Amino acid sequence: MSIKAILTDIEGTTTSLSFVKDVLFPYADQQMEAFVVKHRQDPQVAKLIDDVRLETGNAVLSLAGAIAQLRQWIAEDKKITPLKAIQGLMWEEGYRNGDFTGHVYEDAVRHLLHWHELGLALYVYSSGSVYAQKLLFGYSDAGDLTPLFSGYFDTAVGHKREANSYQAIVAALGLPAAEILFLSDIAEELDAAAQAGLKTCCVVREDQPTDALQHRWVKNFDELDVMSIT
């Protein structure tokens with residue numbers, strides 16, 4: 001079977017880890033209190049604060065307590081859905097204000113454009129919220145790349161190191177798993193995708209060890225020949 005769709009991770013794959021860790025995360029941490037206090041009456045933010053209370057099991061957690069919990073989750077790099085959703089809302093303000101643009105590797109931009117022209121369906125699966133994913137690609141260094149993508153997935157579909165998450169994505173795409181290629185820099189994510197039947201490729205941009213990898217790997221998108229994968 002030939003590849004019909006590509007599912008790609010963001011951090012470390014299309015986008016520098018340093019952009020997320022050194023730009024987006026600190027921005028969210030620094031702006032968290034001001035943003036939540038300013039928007040606490042907005043229905044979307046109010047619901048997300050309630051979701052924080054549900055996540056902690058403390059139904060009477062104060063607004064200040066919820067803000068502290070969100071900042072703690074940022075410090076611990078937790079992949080928790082209400083945190084990711086609030087970060088997405090905050091980053092929208094940053095993108096719209098021109099505080100930063102979304103980093104996408106030049107080789108990734110070229111190949112995403114090329115794969116789209118070839119008729120391959122492109123999807124994103126990241127621990128960042130779908131909202132944040134669309135912002136990063138919509139306000140990227142290379143302009144608006146969102147027209148290239150057919151869909152986005154986040155932790156609402158399941159965690160990235162669990163095979164059933166990829167099974168759910170396969171069902172949503174309506175393609176045989178073997179016709180979907182998953183790109184990531186994390187071996188455990190690739191392991192889970194392979195268990196679900198997807199083709200896999202590790203993108204080794206940060207010089208991580210490859211000796212123990214059970215997956216094909218490339219250093220960048222220029223080394224990836226999608227059409228030769230069967």
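In this predicted model, six strands form an open sheet in the order β3-β2-β1-β4-β5-β6, and their pairing is parallel. The edges are formed by β3 (149-153) and β6 (216-218), each of which pairs on one side only. Averaged over the sheet and with direction ignored, neighbouring strands are turned by 25° against each other.

Strand β1 (residues 5-8) runs parallel to β4 (residues 180-184) and is joined to it by four bridges; L7 has F182 as its bridge partner in β4, while T8 stands opposite L183. With strand β5 (residues 199-203), β4 likewise pairs in the parallel sense over four bridges, and here L183 stands opposite C201.

How do the side chains of β4 sit in the model, buried or exposed? I180, F182 and S184 point one way from the strand, whereas L181 and L183 point the other way, and all are buried. Because five of the five residues of β4 are buried, the strand is largely enclosed by the rest of the structure.

Helix α5 (residues 106-118) touches β1, β2 (121-125), β3 and β4, and its direction makes about 135° with that of β2. Helix α7 (residues 163-173) also packs on the sheet, touching β1, β2, β3 and β4, with a direction at about 150° to that of β2.

Leaving aside residues up to four places away in sequence, L181 touches I3, A5, I6, L7, K199, T200, C201, L224, V226 and I229.

Helix α1 leads, finally, to a helix pair. Helix α1 (residues 17-39) packs against helix α3 (residues 63-75) at an angle of about 170°, with the axes 10 Å apart. Since angles over 145 degrees count as roughly antiparallel, α1 and α3 are therefore described as roughly antiparallel to each other. From α1 the contact draws on F25, A28, D29, M32, E33, V36 and V37, and from α3 on L63, I67, L70, R71 and I74. Sorted by class, this contact has nine nonpolar, no polar and three charged residues.

Note on methods
Residues numbered from 1 in each chain as written. Predicted model: local features only at pLDDT ≥ 70, side-chain atom pairs only at ≥ 80, totals over all residues. Heavy atoms only, no water. Axes fitted to C-alpha atoms, helices over the stretch in contact; angles between N-to-C directions. Helix = DSSP H or I, 4+ residues; strand = E, 2+ residues; numbered from the N terminus. Parallel < 35°, antiparallel > 145°, perpendicular 65-115°, else oblique. Contact = heavy atoms within 4.5 Å. Nonpolar A, V, L, I, M, F, W, Y, C, P; charged D, E, K, R; others polar. Pairing = 2+ DSSP bridges. Buried < 20%, exposed > 50% of the residue type's maximum accessible area, 1.4 Å probe, protein only.
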